[in-house]
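Colleague: Hi! Could you walk me through this one in plain words?
Modeller: Happy to, let me bring it up.

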Amino acid sequence: MKLAIASLIVGTAAAFTPSAFINGGVSHRVASSTSLDMKYKVAVVGGGPSGACAAEIFAQEKNIDTVLFERKMDNAKPCGGAIPLCMIGEFDIPESTVDRKVRRMKLISPTDVEVDIGDTLQPNEYIGMCRREIMDKFLRDRAISYGAEPITGLVTGIEVPAGHATSEEQYNIKYQAFEAGKSAGTASEMKVDLIIGADGANSRVAKAMDAGEYNFAIAFQERIKITEEQMSFYEEMAEMYVGDDVSPDFYGWVFPKYDHVGVGTGTVVNRPAIKQYQKAIRERAGDKIAGGKIIKVEAHPIPEHYRPRRVQGRMALVGDAAGYVTKCSGEGIYFAAKSGRMAAEAIVKLMEGGKRLPTQEEIERTYIADYDKLYGPTYTVLDILQKVFYSNNGAREAFVELCNSKYVQQVTFDSYLYKKVQGNNPLDDIKLLGETIGCLIKGYSIAKPDAVFSNPVESQKRL
């Protein structure tokens, strides 16, 4: 896409009315009958699920120019890769992007008590396991097919005009443009009217808009190639290990991929010890992955809560950049895609076919309010669960035992697969409360004490 040449024509000045202030004090262009009028340009920074799903929506509005920045189009983002069933249909994702359909989950407690869950799933229900390099490419390619202009480049800075909240002054994106076959990028700049920050936990857009800091976890994963016989065990099976040996505040996992398994763990409270925890999860998995070849090592930050500010002027954050990762499960792919789509749909509607730019207040009143209303309860519930059940070995033992309950399995899977906090049976909830108390008492009685650690300086770091 190219900017129209109307700005070089004398009559262009008639398309602007600087003195006309509408909707919160932002000056807007007046619609013109000429096709040479300059279109508003939207830059989506980041080509993962959040950015690709946002760019797809913007690109379908032909009166908006859409550019999609991604530093590496074949990027394989470090990620467990689990997606809920509802995402397949809602985002029209072909099943060819799914490596494995997980229908069984094995939970292993600190004392190696195992609980198998999955009996409540229907034959057509599953958790999808995918490789991000496959799924992300599909979503990006679809956005590009709708008209988004892909730019292989690393955004290094954004010049934010002082009056951007009350005028149409453009943002200036500075980036390194990369070409195939060349290792060094070319310093480049681009003027845009609106920016979607979909550039992950270390978001440059978030820094430019002074979005504030958040606490973060470090996730570490090794992709391990194992034998076909070993792989057959993980045909439809994933594993979760809990215990302070694999993480003091999260869990370790073995997730099946196309021809290998992803083995990893994560932590917020003791990030310096992440490799120690990774060694422990390999040992806990034992013979099931013994002799496997590590083909890729990955590590990345995971936000622990929302950014203090998710919208500033005409810049809005989505996905990990906004902090949309759930506690307890550490899930972010679905929420990234959903937030990207919701933000773009709200903004496109506010732009009225490319005739005007939205204000900060309008974006907050639509995209932010709608997202929080829809998913706020999910984040709250999972935050509480993590604090209750991941805090010590006694609670972890109780968590695994509770998962023996078919009611717990049903509610858990329904909530995960369809992304809604399910309405529960009050009588079963009362019964579950009693079971929870009993499991906690038992868990504390058999669990070993958690290892003591201290990292007062590093633990204060924020992104």
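**A chat about the chain**

Modeller: Let's begin with charge: the protein chain has 56 positive and 60 negative charges, and their mean positions are 3 Å apart. Keep in mind that this is a predicted model.

Colleague: Thanks! How many helices and strands does the protein chain have?
Modeller: The secondary structure comes to 12 helices and 20 strands. The radius of gyration is 24 Å, close to the 23 Å that the globule rule gives for 463 residues, so the chain is as compact as a globular protein of that length.

Colleague: And what does the C-alpha trace span along its principal axes?
Modeller: About 80 × 55 × 50 Å.

Colleague: What share of the residues counts as buried?
Modeller: Of the 463 residues, 56% are buried. As for the surface, the chain exposes about 20,100 Å², and carbon and sulfur atoms supply 56% of that area.

Colleague: Okay, new topic. Where does M135 lie, and is M135 buried or exposed?
Modeller: M135 sits in helix α3, which covers residues 132–145. Its relative accessible area is 0%, and buried means under 20%, so M135 counts as buried.

Colleague: Which residues does M135 touch?
Modeller: Leaving out residues up to four places away in sequence, M135 touches P49, I83, M87, I93, C130 and I333.

Colleague: How far is M135 from D245?
Modeller: They are 110 residues apart in sequence, and C-alpha to C-alpha they are 32 Å apart in space.

Colleague: Let's look at another helix. How many residues of α10 are buried?
Modeller: Helix α10 runs over residues 393–402 and is mostly covered, with 9 of its 10 residues buried. Among them are R396, E397 and F399.

Colleague: What covers them?
Modeller: The cover includes strands β7 (104–108) and β8 (114–117), along with helices α9 (360–389), α11 (406–418) and α12 (426–446).

Colleague: Which residue caps the N-terminal end of α10?
Modeller: That is N392: one of its side-chain oxygens lies 3.1 Å from the backbone nitrogen of G394.

Colleague: Last one, a strand this time. What can you tell me about T66?
Modeller: T66 belongs to strand β4, residues 64–70. With 0% relative accessibility, T66 counts as buried. The T66 side chain reaches the backbone oxygen of F58 at 3.5 Å.

Colleague: Back to the whole chain: what share of the contacts with a separation of 6 or more comes from residues 24 or more positions apart?
Modeller: Those residues account for 74% of such contacts.

Definitions and conventions. Residues are numbered from 1 along each chain as its sequence is written. This is a predicted model: local features need pLDDT of at least 70, side-chain atom pairs count only at pLDDT 80 or more; totals for chains, interfaces and linings use all residues. Side-chain values use heavy atoms; hydrogens and water are left out. Helices (H or I, at least four residues) and strands (E, at least two) are DSSP runs, numbered from the N terminus. The radius of gyration is taken over C-alpha atoms; the globule rule is 2.2 Å times the number of residues to the power 0.38. Buried means under 20% relative accessible area, exposed over 50%, partly exposed in between (1.4 Å probe, protein chains only). Contact means heavy atoms within 4.5 Å. Accessible areas come from the Shrake-Rupley method with a 1.4 Å probe; for residues, only the protein chains shown count as cover. Lys and Arg count as positive and Asp and Glu as negative; His and the chain ends are not counted. The place of a charge is taken as NZ of Lys, CZ of Arg, CG of Asp or CD of Glu. A polar contact is a pair of N or O atoms within 3.5 Å; within protein, one must be able to donate a hydrogen and the other to accept it, and residues adjacent in sequence count only if both atoms are side-chain atoms.
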